Amino acid sequence: MQPIITSQDVKLSYGAFEALHGIDLDFNQNEITALIGPSGCGKSTYLRCLNRMNDLIEGVTITGSFKLKDLDMYAEDTDVVELRRQVGMVFQQPIPFPMSIFDNVSYGLKLNGRPDKNFLEERVEESLKQAALWDEVKDDLNKSALELSGGQQQRISIARVLAVRPDVILMDEPTSALDPISSAQIEDTLLQLKKEYTIIMVTHNMQQATRVSDKTAFFNLGNLIEADSTEKIFMNPAKQETDDYINGKFG
Amino acid sequence: MNAKRNDHLATGIIYALVGIVVIILFGLIGYILVSGVPHLSWHFLTSPSKSFAAGGGIRDQLFNSVYLLVLTLLISFPLALGAGIYLSEYAPDNWLTSLMRTAIEVLSSLPSVVVGLFAYLVFVIQFQIGFSILAGAIALTFFNLPLLTRNIETSLSSVPNLQREAGIALGLSSWKTITGIILPAAVPGILTGVILSAGRVFGEAAALIYTAGQSAPALNYANWNIFDTNSFLNPFRPAETLAVHIWKVNAEGIVPDIDVVSNGTAAVLIIVILAFNLSARYVGNRLYRRLTSSK
């Protein structure tokens, strides 16, 4: 397995408060990695380091090394905007832009200067198919995305990220705001997507982690406790702490 | 005293207070309309005003008011847009930006006579622009700027932060996120603010007396050369607006039909401002629907 992202000794502080205490974690190409752990353990914070979303927060300092293939993600001359095109992100809440379905999905491409209409149409169709939404919306692509259901909106958000063709997709609890049926659809979508993309997802739902992920990393109190194959983590974890968490003794 | 009676009492007082506000409002508007509308006619709206004889209209004043409004918005909107974007999207939270916000608040509460005299001294006298629409538009920009800046800032800030993050995470620069996602989402709010501030500009008189002047020289609506003194588009000519006309006719008018002219003008002014206010809501809603789903 080829690691696509490697990170070493990642420390992050908000002002004087250190939230991550040195994380070493790698992610393999075309795998789904689940980041689990109790609330406030730093898993989302870590995830947001991977496309430098934490840069938007004032007073954050990040040390350690992040590499996307050979690219040093935090080097002075790294183009952050380009990096975020390669490492896309889907959020906890569906975030449709206030515009039509077609415009939502094609927006990233459009604003990045790909105005060719045929190209956009192809890419929108392809992305909506990958996000398993095409059949539901293909007849009214001009409808406002705000009129769709929550699950559909979340798949729009996924399709929008896919349209930019990233290498890696980060997902921050992508199903926690959705009902069980929509969640199951998103999970199916993820299993399809990993053929072409590398997915790193934060989840609070341990069944979800076991259903979709290849690898699981368990965080607690700003430390990475254990990272291994999902099967190993859930059947036979190396650390007692991990065992306690997945069996619901805390968190 | 028991809880139920207190509740009735409080509700009654609240209704009474609301009633007073509504009665004053409708009383004023009703009085102006009732005494002014009967004097309105096509002739009144389309003929020039007269200095001595009866039967003058408000053609030039009406046009001047609209033209002044357009010029004011042309000057103030780009400035306010830039300032609003800066305050909402870029400004850090520190003493300097909070000083700027306070300064904007103060600017919006300056008495209009003071602003008028200031503009008179600086633009009319010092810069030798003379009594002109341009000087009037600059003076009105002082009122308009804080209102518009505030409105644009609030409209932009009320767009959920998630939209910004989603744009950034999509690999858009912050500038493209602002212009491509945040600004379109804020357009209905911004437009409502523009129309409401336009109402204020339209009704302003005091500041204009010293800047745009109180005379309405004969205009030639067929002359499109903006540098000709009698061209209706010339921004350097003096221009009496509707509100100033009302003040002038009442203060020093010697036409025999003062009541007809001033009541009629007041009615036109109120109707236009009401139309601005009502259309603000309508256009805002329409535009939001247009923007959120492409046809």
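Me: Where does α6(B) bend by about 35°, with a proline following within four residues?

Reply: This is a predicted model, in which local features need pLDDT of at least 70, side-chain atom pairs count only at pLDDT 80 or more, and totals for chains, interfaces and linings use all residues. A bend at a residue is the angle between axes fitted to the seven residues ending there and the seven starting there. P146(B) is the proline that follows, and the residue at the bend of α6(B) is N144(B).

Me: How far apart are the end C-alpha atoms of α6(B)?

Reply: Residues are numbered from 1 along each chain as its sequence is written, while chains are lettered from A and ligands numbered from 1 in the order in which they are written. Helices (H or I, at least four residues) and strands (E, at least two) are DSSP runs, numbered from the N terminus. The expected span of a helix is 1.5 Å times one less than its number of residues. Helix α6(B), residues 133-157, has 25 residues and should span 36 Å, which agrees with the distance between its end C-alpha atoms, 34 Å.

Me: How many residues of α6(B) are buried?

Reply: A residue is buried if 20 or more other C-beta atoms, placed from the backbone, lie within 10 Å of its own, exposed if 12 or fewer, and partly exposed in between. Helix α6(B) is mostly covered, and its buried residues number 23 of 25.

Me: Which elements do the buried residues of α5(B) pack against?

Reply: Helix α5(B) covers residues 112-126, with a bend of about 30° at Y120(B). Its buried residues are V115(B), G116(B), A119(B), F123(B) and V124(B). In chain B, they pack against α6 and α9.

Me: Which element gives the most to the side of chain A that touches chain B?

Reply: Contact here means C-beta atoms, placed from the backbone, within 7 Å, and 27 residues of chain A are in contact with 19 residues of chain B. Two or more residues on the chain A side come from each of α2, β6, α3 and α6 of chain A. With four residues, the one that gives the most is α2(A).

Me: At roughly what angle do the axes of α3(A) and α4(A) cross?

Reply: Axes are lines fitted to C-alpha atoms, for helices over the stretch in contact, and angles run from 0 to 180 degrees between N-to-C directions. The contact is made by F102(A), V105(A), S106(A), L109(A) and K110(A) of α3(A) with L120(A), R123(A), V124(A), S127(A) and L128(A) of α4(A). The two axes come within 9 Å, and they cross at roughly 120°.

Me: Is K69(A) buried or exposed?

Reply: K69(A) sits in the loop between β4 and β5 of chain A, and its phi is near 50°, a positive value in a residue other than glycine. Because K69(A) has 12 C-beta neighbours inside 10 Å, it counts as exposed.

Me: How many other C-beta atoms lie within 10 Å of A132(A)?

Reply: A132(A) belongs to the loop between α4 and α5 of chain A. Although A132(A) is not a glycine, its phi is positive, about 60°. A132(A) is partly exposed because the number of other C-beta atoms within 10 Å is 18.

Me: How far apart in space are W95(B) and T154(B), C-alpha to C-alpha?

Reply: W95(B) lies in helix α4 of chain B, and with 7 C-beta neighbours inside 10 Å it counts as exposed. W95(B) and T154(B) are 59 residues apart in sequence, and their C-alpha to C-alpha distance in space is 19 Å.

Definitions and conventions
Two residues are in contact if their C-beta atoms, placed from the backbone, lie within 7 Å.
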